[in-house]
Amino acid sequence: MTTLRIEPGSLSGTLRVPSSKSMGHRALICAALAGGTSQVEGVSLSQDILATCACLRQLGAKITSQEETGGRAHFTVEGCRPHQTGTVLDCGESGSTLRFLIPLAALCQEPFTFVGAGKLGSRPLEPYEAIFRQQGLVFQKGSAEDNFPLTVQGPLRPGPFSLPGDVSSQFISGLLFALPLLPGDSTLEITGKLESQSYIALTLSALKQYGISIEHQDYRQYRIPGNQQYRPREGAVEGDYSQAAFWLTAGMLGRTMTLLGMDPESLQGDKAIIPILQKMGGQVVFEGDKLISRPADPVGTTIDAADCPDIIPVLTVAAALSEGHTEIIHAERLRLKECDRLKAMATELNKLGAKITERPDGLSIDGVVELTGGTVDCWNDHRIAMSLAVASILCREPLTLVGTECVAKSYPEFWQDFAAAGGQYEQCNG
């Protein structure tokens, strides 16, 4: 376990943030399903992306990579219809990998066994379990408390499907990847309140780029023709707004930060970081191809987490250091991530003098001028670690972070970029 001692101080500079992990997963999956060779360029390497690649190889795809600069890679993908070249799919700690690929594994008649690490085995899979039971397919979990090892066996059949809208959109995306390859047409109806619509928009965008046609009405009713074929393509993956959020918040709390490689027309739901910070008083704007965040005196507001859960940890830092009161609402799904992110942020920031009260579905925050410094834990969660690093900007004393290696899950270059922006830290012994 790695412990870093960070000296308080503003960050400033110009950075190119990692490519969108959400779009990276989707592009690699679509490429792996396309007959022919695709080139997926500019992909930032992370444990989650590597897990998806490893699992796609077990499903028959041939994937090679060539390292680029800045921790990025160029992937060459020879795709095919899923078939069994291996039997075990190790998803690491990646919920996207697990939920996207279960329906693809079910396209085959052979059994596959999914395994994983961390809290992934306890994250909900009931929507898929219900579909498998309805179709009489194998969906055998390790135990009532642990999904792993999870054995599934198809073949999945076309027809009407239904999913609740208030669970992870990853279930919806997983079906949207698989259903076009079935031998008949399917429909998918979303019941109840729909959350994370932006992630479904990303999936539909990727599918369209790879030649798949799906009709929908307000993201709630889908008509998916069967017997479709994914077409190979070449293209780069855009910058990740969920990672940009750390630097944009740092710019608002400290000194000017400039980000490169961000698409102002992106469909990523986490692009909400821009209007949310602006609502808090932040000066966050595109100037040409640069996304710039300048220092401001932030104020409290109401933040709806329903469509942008991944940026809530760092927004909790922003709110804790804003004048006035902030309410974070519709955030209950953050309790089902790599850790209970609501509890983690409240617990660790309160150790530093923040005034945060947990609610069942969010946080109630009264801002303070500065934090004290001290020792906090990263909860083995990459977004907790990076958010707490941003909090160090306005600490009176050094901030000691325990378990900082977890950033490798999504942003292995984070600490190098932190140093490049002027962050000062040293590794502690023991």
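Predicted model: local features only at pLDDT ≥ 70, side-chain atom pairs only at ≥ 80, totals over all residues.
At least two residues of the lining of the largest cavity are supplied by each of helix H1 (21-33), helix H3 (95-105), helix H5 (169-178), helix H6 (197-209) and helix H11 (382-391). By residue class, the lining of the largest cavity consists of 13 charged, 13 polar and four nonpolar residues. Both domain 1 (3-17 + 239-428) and domain 2 (21-236) contribute at least three residues to the lining of this cavity.

The largest pocket holds about 250 Å³ of space. It is lined by 18 residues, and Met 23, Ser 205, Gln 209, Ala 236 and Glu 238 are the closest to its centre. Two or more lining residues come from each of H1, H6 and strand E14 (234-236), with H6 giving the largest share, four residues. Nine nonpolar, four polar and five charged residues make up the lining of the largest pocket. At least three of its lining residues are drawn from each of domain 1 and domain 2.

For the second largest pocket, the volume is about 210 Å³. Of its 14 lining residues, Arg 99, Val 167, Ser 168, Arg 333 and Leu 336 are the closest to the centre. The lining of the second largest pocket divides into eight charged, five nonpolar and one polar residue.

Four strands in the order E2-E15-E17-E16 form an open sheet with mixed pairing. Strand E2 (13-16) and strand E16 (283-287) are the edge strands, each pairing on one side only. From one strand to the next, the twist averages 20°. Helix H7 (residues 241-253) packs on the sheet and touches E2, strand E15 (257-260), E16 and E17, and the direction of H7 makes about 40° with that of E17. E16 and strand E17 (residues 290-294) run antiparallel and are joined by five bridges. Gln 283 has Arg 294 in E17 as its bridge partner.

Terms used
Residues numbered from 1 in each chain as written. Heavy atoms only, no water. Pairing = 2+ DSSP bridges. Axes fitted to C-alpha atoms, helices over the stretch in contact; angles between N-to-C directions. Contact = heavy atoms within 4.5 Å. Nonpolar A, V, L, I, M, F, W, Y, C, P; charged D, E, K, R; others polar. Domains from an automatic or database assignment. 1 Å grid on protein atoms, 1.4 Å probe; cavity = no way out; pocket = protein on both sides within 12 Å on 5 of 7 lines; lining within 4 Å. Points joined across faces, edges and corners; volume = space filled by probe spheres on them.
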